[in-house]
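Colleague: I am new to this one. Could you take me through the terms used for it, one by one?

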Amino acid sequence: MTTLFQQLINGLSLGSIYALLALGYTMVYGIIKLINFAHGDIYMLGAFWGYYTINYWHFNFIFALLSAMVVCAASGVIIEYFAYRPLRHAPRITALITAIGVSYFLENGMSYLYGADTRDFPQVIKQVNYSLWGVRVSNIQILILATACLLMILLQLIIKKTKMGRAMRAVSVDPDAAELVGININQTISFTFALGSSMAGAAGVLIGLYYNSIDPLMGMTPGIKAFVAAVVGGIGSVPGASLGGFLIGLLETAVQSVGLSAYKDAAVYLVLIIILLVLPSGIFGKNVKEKV
Amino acid sequence: MKKSTIKRITGFAAIAMSAAIFAGCTTAKTTTQGNDQTGNTVKIGVNMELSGAAGGYGNQMKQGIQMATKEINSKGGVNVNGKKKKIKLIIKDDKTSTSTSASVAAQLVNNDKVNAIIGTATTNAGTAAIPNETKAKVPALSPSATDPNFTLQKDGKVQPYVFRACYQNNFQGGTGAKFIYNNLKAKRVAVLGDNSTDYGTGLAKAFKQQFKGKVVDTQYFSGGDKDFNAILTAFKNKKIDAIYAPGYYSEIGLIIKQARQIGLNVPIVGSDGMADAKLVQIAGAKNASNIYYTTPFSKTVAKQNPVAVKFMNAYKARYHTEAPTFSALAYDSTYMIKQAIENEKSANSVKITKGLANIKDFNGVTGKITIDSKHDATKPIAVEHLNNGKVVGSTQIK
């Protein structure tokens with residue numbers, strides 16, 4: 001029983017990272033129907049930003065987290081402006097290929113500039129383990145879970161309660177109509193990228209602190225898994241992405257805990273295939289019929 | 001009857017013709033015996049994983065090779081039959097990809113006409129490069145390809161142009177097995193190996209074959225994984241005495257950290273891929289206790305070896321960190337080629353091959369190296385013991 005709870009904690013802390021990343025995928029997809037494969041690499045940028053600011057400018061954790069969110073938001077907007085905006089009216093596949101290109105550019109650019117070697121993340125918060133009925137939880141695990149939940153609630157509030165959020169929802173439903181009623185589409189899309197990328201930046205710093213190891217290729221696998229999480233939850237749906245992230249985290253933990261660790265990635269992709277076959281719009285996705 | 005005679009005659013003609021063609025081939029080949037050394041330089045090609053999954057290790061090797069080359073050249077170069085020739089490095093990135101590695105090897109041997117190749121870091125990429133190297137008769141010395149079959153052909157004969165400067169897996173995995181059983185007295189062991197490299201799977205397999213106690217559980221992870229909590233929690237439940245974790249420092253460091261954090265304090269034993277200062281940085285000094293790994297490049301043993309002391313100091317002066325094992329192996333590889341050239345008094349690629357095959361008691365940073373009949377490097381092996389992030393002892397295993 002203790003082991004079960006311990007594995008639950010493991011799964012939730014892993015899942016919260018996937019959830020934070022999945023939010024970025026789902027928001028961008030929701031608004032411009034683009035799967036932004038460079039999203040995982042924004043997360044890597046966030047981790048490296050945290051690494052440098054803490055090591056060289058001696059930022060504390062909160063400041064490093066917030067500044068990483070700002071920097072990642074800016075890089076998300078820049079990427080959108082230079083790579084995706086010129087392709088706004090191009091076929092969807094063109095934008096998708098561009099996204100893969102941006103991803104390779106970021107990964108190999110960082111490897112070239114800073115080396116492909118793994119680095120240890122500065123431990124600004126000392127790890128303390130709490131033991132509750134035999135289940136061990138560290139303060140960093142609690143911090144990750146709390147930060148992730150806080151950011152998700154904040155995001156939900158922004159989308160549902162603010163004017164910009166309403167604009168985002170409008171653009172995602174019908175961009176042409178939104179423009180007719182006076183919504184600045186470019187600004188709204190930039191804002192979406194900023195919001196999604198800042199979540200990835202936060203995830204980068206959190207994961208750096210939790211695992212104490214960062215490298216330029218760290219965004220690749222989590223990025224793809226977060227994409228799966230977004231699809232499972234229903235791509236385009238914000239609560240769906242959060243739920244999908246936690247589900248994927250728990251699934252991976254479960255597969256490993258029963259001794260099938262070699263198949264943990266396969267299990268995640270199997271879920272992707274099953275979901276696409278059985279429930280293509282995901283758990284929370286709306287099944288919208290396209291008019292021809 | 002007549003038909004069959006004609007058939008026979010044409011058959012003979014065909015055989016005779018093809019024999020003539022093949023004869024032509026052999027004569028052509030004997031005149032171009034590999035790549036000759038030309039001008040004032042000895043050309044050494046480096047086919048290395050400078051980007052991609054093994055990019056981190058490849059870059060460390062590049063540092064080792066460049067350091068050795070700079071040292072050799074500052075002393076005038078390699079002594080080729082009485083004349084000093086400088087080494088010219090031609091470094092190419094194989095991107096940790098088998099197809100790129102094969103084409104890099106072809107470019108190095110055919111266009112750049114190198115006399116010898118150092119590389120690759122991984123067995124997979126290295127194996128893909130063998131046909132091109134063999135065709136051109138240029139020797140390839142890998143600093144770190146550990147798969148037992150890497151230097152062997154399919155029928156078990158040795159690959160004539162392939163060498164390695166490191167241990168092969170059966171030897172290292174067996175040493176780990178002996179150490180855990182005899183020295184640590186552990187009977188129930190869990191194996192946690194890296195299945196994204198031949199290195200990790202090969203060592204895990206060799207360990208399981210040779211361990212006398214009980215292997216309770218075998219789990220795998222892949223390079224770049226960061227979360228091992230689930231596997232370790234499952235291990236904790238199985239009442240194990242030790243973990244054998246063959247892999248590289250970037251993941252083993254995380255395994256150590258996470259194992260200690262969930263309160264799994266059993267000894268963790270690994271291989272030379274762990275022997276890096278980064279291991280302790282990633283794991284945290286407090287967590288890196290009760291850690292053992294088999295290594296040719298033991299820092300405590302190295303202190304008695306003047307070549308190693310010189311290397312470690314020079315490395316620290318140039319790169320400001322402790323020298324990693326991969327740099328040491330690559331540094332040795334470069335000097336082994338120099339030794340082969342000087343023994344054979346020629347930098348022709350076929351002669352270098354012969355020289356490499358005959359290397360005996362070569363005094364390297366990673367110990368006294370002898371190349372055996374299977375082109376494996378034999379050298380002493382030690383087990384280093386970490387406590388609180390510091391090397392506190394090392395045991396020679398026989």
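Colleague: What makes helix α2 (residues 39-56) of chain A oblique to helix α3 (residues 61-84) of chain A?

Modeller: Their angle is about 140 degrees, with the axes 9 Å apart. Angles under 35 degrees count as roughly parallel, over 145 as roughly antiparallel, 65 to 115 as roughly perpendicular and the rest as oblique. So α2(A) is oblique to α3(A). Axes are lines fitted to C-alpha atoms, for helices over the stretch in contact, and angles run from 0 to 180 degrees between N-to-C directions. Helices are DSSP runs (H or I, at least four residues), as are strands (E, at least two), numbered from the N terminus.

Modeller: This is a predicted model: local features need pLDDT of at least 70, side-chain atom pairs count only at pLDDT 80 or more, and totals for chains, interfaces and linings use all residues. Residues are numbered from 1 along each chain as its sequence is written, and chains are lettered from A and ligands numbered from 1 in the order in which they are written.

Colleague: Which residues make the contact between α2(A) and α3(A)?

Modeller: On α2(A), they include A:I42, A:L45 and A:W49. On α3(A), A:A64, A:A68 and A:V71 are among them. Two residues are in contact if their C-beta atoms, placed from the backbone, lie within 7 Å. By class, this contact has 8 nonpolar, 6 polar and no charged residues. Ala, Val, Leu, Ile, Met, Phe, Trp, Tyr, Cys and Pro count as nonpolar, Asp, Glu, Lys and Arg as charged, and the others, Gly among them, as polar.

Colleague: Why are α1(A) and α9(A) called roughly perpendicular?

Modeller: Helix α1 (residues 2-32) of chain A packs on helix α9 (residues 220-233) of chain A at about 70 degrees, with the axes 8 Å apart. That angle therefore makes the two helices roughly perpendicular. The classes here are 11 nonpolar, 3 polar and 1 charged.

Colleague: How many residues does each chain give to the contact between A and B?

Modeller: Chain B gives 29 residues and chain A gives 27. The side of chain B that touches chain A has 8 nonpolar, 16 polar and 5 charged residues.

Colleague: What are the domains of chain B?

Modeller: Domain 1 covers 41-167 + 305-378, and domain 2 covers 169-295. The bounds come from an automatic or database domain assignment. Their centres, taken over C-alpha atoms, are 29 Å apart. In chain B, 13 residues of domain 1 are in contact with 15 residues of domain 2.
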